[in-house]
Structure formats: structure tokens, C-alpha cells
Amino acid sequence: MTRLSLTTADPLTVKADALVVAAYQGANGPVAADERFAALVDAAALAGAAGKPGSVTTIPAAGAVAADRVVVVGVGAAADDRSPAESDDLADRVRRAAGAASRAVAGHTKVVSTLSLLDAAAAAEGHLLGAYVFDAYKKPGSAPVDAVVLTVPSANKAAKQILERATVAAESVAFARDLVNAAPNDLYPAEFAARASAAANKAGLTVEVLDEKALAKGGYGGILGVGAGSSRPPRLVRIAYTPAKPVTTVALVGKGITFDTGGISIKPGPKMDQMTSDMAGAAAVVATVLGVARLGLPVTVIAYAALAENMPSGTAYRPGDVLRHYGGAPAGRGKAAAQGKTVHVLNTDAEGRLVLADAIVRACEDNPEYLLETSTLTGAQVVALGKRTMGVMGDPGLRDRVAELARSVGEGGWAMPLPEHLREGLDSPLADLQNISGEPAGGMLVAGHYLAEFVADGVQWAHLDVAGPAFNDGKAYGYTAPGGTGVPVRTLLATIADLAGR
Ligand code: BES
Ligand code: MN
Ligand code: ZN
């Protein structure tokens, strides 16, 4: 992975393969964000640089500076003349510019960046996130840049902490991206559980994996039902980080469908391959608990990954089946466990909520103060908010906080309501619930209502639907590579840091 370091030296005098400088998008061409680079930006303007956000123009330095070449990256309009459409804050424009710069200098050894003079944290994160490549199946055209040196006014404690936090955030994102990018023939429930356990054990965390036998014994009917069609059985993974003096307890729950064919309610062929990303929520919660542990935040965090493969077969669950969700463990020896809620399955493609309901009930047994659940849950999320904005539902206070933090880290989030009248669509004449409402209206919100049924009283919860944002099915842009994006890892890290009071 790309290494980050700090320098207080004059960037014009640092020997490197490239010098990265920022340009605003002015009315009459690009404007250097720093006076010292005005001549370089003017030269780049002749090569087409305009300062558009995310744009990259590389010119030979021709001896004007110590670096071999100059990479001019656009950060958009200056603060005072912004259009309403360009509402992302400067931090994320710097983050994206740094990401684009990192991609542009792939194959090189050393780069000195001055984006850190605009926002050191954003530059650090963007450079690392943008350098990510997934090379498990194919050698990349050029290797990620080895070293990025950030120009800072002072390499003090605060600057070093920024570096440390950016590194943990970016490596956590990379961990989640790697899991999402693994092909579904390679990453099935047991393999996901093995990779998550290995990482968590290495970090000294407490790990528990329920296999299909343990799930049957515990009565996890949702996870077992969804996983029944696959020759590769389901798992429930629990990873706990328990610091000495926690200020609060956060449960994380992630949807881990390692491949979603839709099951017997099978999906159409086109783009079905993208359902390899249907475990992005589980990947994010595992990456997050590992990241929180590395940062040593004073919060108990317990992550649950609800893992199954949704396949059609002779053993698959069917439309018409009635499943019984997990109802909790017996209160004492010899006591019977509470019976979980029953669900009439009307569509086997609405499987995420079925595995999540079991995991949410289990997570609430840890008595968390907060429960953050995330999933690639509904196509309706993509219809409503597009591919780059997650929908956030749940208790209004926490929901609004999470949505705000999602925007502040550049992951994009918007608070969504759970209108009371939509709950009725889940009433079933046969069972406690049915898994779809039978009409497409408000699909993202109906799914939210389903999950709400399983959150214990007194637990503040938020549901992050990342169906669009978790996976980039197009080209690289900013700091986002094709494939798994790692969303919502940085939102979860920011939320937990916020709850920790940092
Ligand atoms: N995994 C899908 C949701 C999804 C769609 C994620 C597109 C990423 C991109 C989920 O399991 C699903 O199939 N949802 C159904 C629900 C419906 C049957 C109520 C959907 O959105 O169509
Ligand atoms: Mn589905
Ligand atoms: Zn799914």
C-alpha cells in the first residue's frame, strides 16, 4: 500500500517524480490555490487545465521546479462563487482531487502533494483511497505510487494524528473493497467468515462464528431460510472490540449475501453479476470494528455479519414459505427461548431483511445503546437517491446525525422517513409479517419498516441503505475505483468517533 509522510520543506525544491498542485475553476481559466504555483497553473492552462473538480493535467516541469513533472488537479470554484449543484464541500473536492492525482501518478515512486495545504486530512485520505487497486485476478497496468509526501506548515502532533487517522480510514476502506471485489465463487459465507475471523483474531478481538448447525440450534430461521438453496451454508459472525473504559456500546449489523441471484424469485440476467457486491454491508461492519480497534476509540463495538448465498435449487426456500426469525437466547438454563416472529415469504429476492432481522435481534441481546445496520438492501434506494447517496432511516436524532456525517466524509447520505402508513403493507393474514408489501411504492422505506420490527425498545438505531453507493459499476472517478467503494466504512467510523466524543 502507498505510504504517506509529511514534509515542511518548500514543495518547489523537493525532488520527486511529480509535484501535485491545486487549481480553482475561475471564470477566465484555472486559478492556483497557492500564489507560488501561479506560473505552473498558467502553463497547465495552455495544456487544457480549467480547474474543473476532479480534472487532472500533467505537464513536464522543464526545470521550473525540483520535481520532474507537475500534476495540476481541479478543485472547482472558489468558495465565493459556487453554483447550487456544486454543493459538496471543499474537503471532499480536495479528497477527490487527491484521489485523481494518485491515480494519475500510478507507476511512479515518489510524489509531493500540496493539496494538504488546503485540507491535510482530506488530502491524506484522498491520496490513499485513490491509490487503491484490486489485483487479485489481474496485474494492474501500473503499480500504485509508492510514496506520497504531504506538504504541511508544521509536522506537529496534530499533523501526525491526521496521518494516522487517514491511514486507518483508508486501510479499513481497502479491507472492505477487497471483500466486495472478491468473486462470488471465491467468497462464500464460510470463506467470508474465515477472512473476517483471521483479521479480527490478529487484532486481538473476540470472534464467534455460528455455522449452519449452531444457527439451527439457535433458531435463526431467516438466515437459514435464505441460505437453504446454496451448497455453501450460511454463517453469522460476531466480532467484539471491548476497550477498558468504554463511554458507550455500539452494535453494527451488516448484510452479507455473498451472491444474490434472487433465489426462486430469480433476477433477470443483465447485471446480475453485480450482486457479488450484496455483502458490502457485512464487509463494511467488519472493516469498521477493526478500524475502531486500531484507533483505540473508547467505545465497545460489536459487529455482526449475516452471511448467506441466495441461490435457486431443489433445497431453496420458496415464495409461500413461512420462516421463523431468531427470538433470543433462553434467559437461563433449561428455560425456553422467546419465539421469534414469523414471516410469510412472498418474494425470495427480498432476502436481505430476512437475514438482517435475525442478526438485529441477536445484536440487541448485547444491550447496545446504538445499533447501526447497513445493507445493499433495495433497488428502490438507487431509484430514489442515485448511485452515490445512501438513504438513512431510523430514530430521527441518530438518523440525521449519520446522514450529516456521511456527507461530511464525502460518502453522501440523506435522511429518509418511515411513514407510518407504509408499515401496513407488511401485515400478513398468515404470519406476523410478510417480506414485501406487494407494491413498489416506497420500497426503500418499506424495507426500513421491516427492520424496525426487530430493534429492541430503548436501542437507538439507524439503517443505511447503500445499494447504489457500495459498488461503482462504472469507471474510476476521484478516489473511487471501479468495483467495491468501501461505502459506508468512513461514515460508520465517523459516527462511532462522534459517539465517542472525538
Ligand atoms: N440486493 C438487492 C438490492 C439491490 C439492488 C442492491 C440493486 C444493489 C443494487 C435486494 O436483495 C433485492 O433484490 N431487493 C429487491 C426487493 C424487492 C423484491 C422488494 C429489489 O430491490 O428489487
Ligand atoms: Mn435480493
Ligand atoms: Zn440482496
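What follows is a set of questions and answers on this predicted model.

Me: How many residues surround ligand 1, and which are the closest?
Reply: The closest residues are K267, D278, D349, E351 and G379. They belong to a shell around ligand 1, and the count for that shell is 15 residues.

Me: How many of the residues in the shell around ligand 1 are charged?
Reply: Sorted by class, the shell has four nonpolar and four polar residues.

Me: Which side chain has a polar atom 2.8 Å from an oxygen atom of ligand 1?
Reply: The side chain of D260 has an N or O atom 2.9 Å from an oxygen atom of ligand 1. L377 uses a backbone N or O atom, 3.5 Å from a nitrogen atom of the ligand. The side chain with a polar atom at 2.8 Å from a ligand oxygen is that of E351.

Me: What share of the accessible area of ligand 1 does the protein cover?
Reply: The space that ligand 1 takes is the largest pocket. A backbone atom of L377 lies 3.5 Å from a nitrogen atom of the ligand. On its own, ligand 1 has 520 Å² of accessible area, and the protein covers 74%.

Me: How many residues of domain 2 take part in the contact with domain 1?
Reply: The domain assignment places domain 1 at 3-153 and domain 2 at 171-500. Their centres, taken over C-alpha atoms, are 36 Å apart. Domain 1 gives 13 residues to the contact, and domain 2 gives 17 residues.

Conventions: Residues numbered from 1 in each chain as written. Chains lettered and ligands numbered in written order. Predicted model: local features only at pLDDT ≥ 70, side-chain atom pairs only at ≥ 80, totals over all residues. Heavy atoms only, no water. Near = heavy atom within 4 Å. Polar contact = N/O pair within 3.5 Å; in protein donor to acceptor, adjacent residues only side chain to side chain. Areas by Shrake-Rupley, 256 points an atom, 1.4 Å probe, with all protein chains shown as cover. 1 Å grid on protein atoms, 1.4 Å probe; cavity = no way out; pocket = protein on both sides within 12 Å on 5 of 7 lines; lining within 4 Å. Sits in = over half its atoms within 2 Å of the grid points. Nonpolar A, V, L, I, M, F, W, Y, C, P; charged D, E, K, R; others polar. Domains from an automatic or database assignment. Contact = heavy atoms within 4.5 Å.
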